[in-house]
Amino acid sequence: MRKDWDAYFIEIAKVTAERATCTRLKVGAVIVNHNKIVSTGYNGSIHGHEHCTDVGCLLNEQGRCIRTIHAEMNAILHADRDKLEGATIYVTHEPCELCSKLIAQAGIKRVVYLEPYENKWNRYFLKDLEVIQYVERNNVQNQETT
């Protein structure tokens, strides 16, 4: 059976996450507009800087790794600005509050993610967007709007 578009792009986000260089969490993102890929991103260090996989994570006071640029940020940075308006971003993990602000500001209108990521403020910044947790169960995909 042919995958629907959400299943297809979530799978690409999962493959993109394999490029991530943070050992704590591997995240991938795919931005899509009109069923065409606009950009991809994964969490990785700034160009020319050391990677978590080589020297370990750089943790802040909350225990978050701050060495890497998040997947969503990288996908937005690598996209043509005019192709972001009205787009969907597929992410392996629910966006943090900073990525949520960037997603909303970029004009992206729909967020589809796989894994929840405990975050107090992200929904505040995503309140005007459609946000869906994509659930995979026994090769059957279900969508839960949150």
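**Notebook: strand β1 and the cores**

I looked up I31 and found that its bridge partner in β2 is S39. The model is predicted; local features need pLDDT of at least 70, side-chain atom pairs count only at pLDDT 80 or more, and totals for chains, interfaces and linings use all residues. Residues are numbered from 1 along each chain as its sequence is written, and side-chain values use heavy atoms, with hydrogens and water left out.

**Strand β1**

I took strands (E, at least two residues) and helices (H or I, at least four) as DSSP runs numbered from the N terminus. I counted two strands as paired if DSSP finds at least two bridges between them. β1 (residues 28–33) and β2 (residues 36–42) pair in the antiparallel sense over six bridges. Two residues lie between these strands in the hairpin, where H34 takes a positive phi near 55 degrees. I then checked β5 (residues 88–93), which runs antiparallel to β1 and is joined to it by four bridges. There, T88 is the bridge partner of V32.

I called a residue buried under 20% relative accessible area, exposed over 50% and partly exposed in between (1.4 Å probe, protein chains only). Six of the six residues of β1 are buried, so the strand is largely enclosed by the rest of the structure. G28, V30 and V32 point one way, and A29, I31 and N33 the other way.

**Cores**

I defined a nonpolar core as a set of buried Ala, Val, Leu, Ile, Met, Phe, Trp, Tyr and Cys residues joined through side-chain atoms within 4.5 Å. The largest has 19 residues, and I31, I76, L84, I89, I103, I108 and V111 have the most contacts inside it. At least two residues each come from β1, α3 (71–77), β5, α4 (97–106) and β6 (110–115). α3 gives the most, with three residues.

I listed the contacts of I108 (heavy atoms within 4.5 Å). Leaving aside neighbours within four places in sequence, I108 touches I31, I76, L84, A87, T88, I89, I103 and L129. Another core, of 11 residues, lies apart from the largest one and includes Y90, V112, I132 and Y134.

**Helix α1**

The 13 residues should span 18 Å, and the end C-alpha atoms are 18 Å apart, which agrees. In α1, I noted D6, A7, F9, I10, A13, T16 and A17 as buried.

**Whole chain**

I noted five helices and eight strands in the chain. Buried residues make up 45% of its 146 residues.

Technical notes
The expected span of a helix is 1.5 Å times one less than its number of residues.
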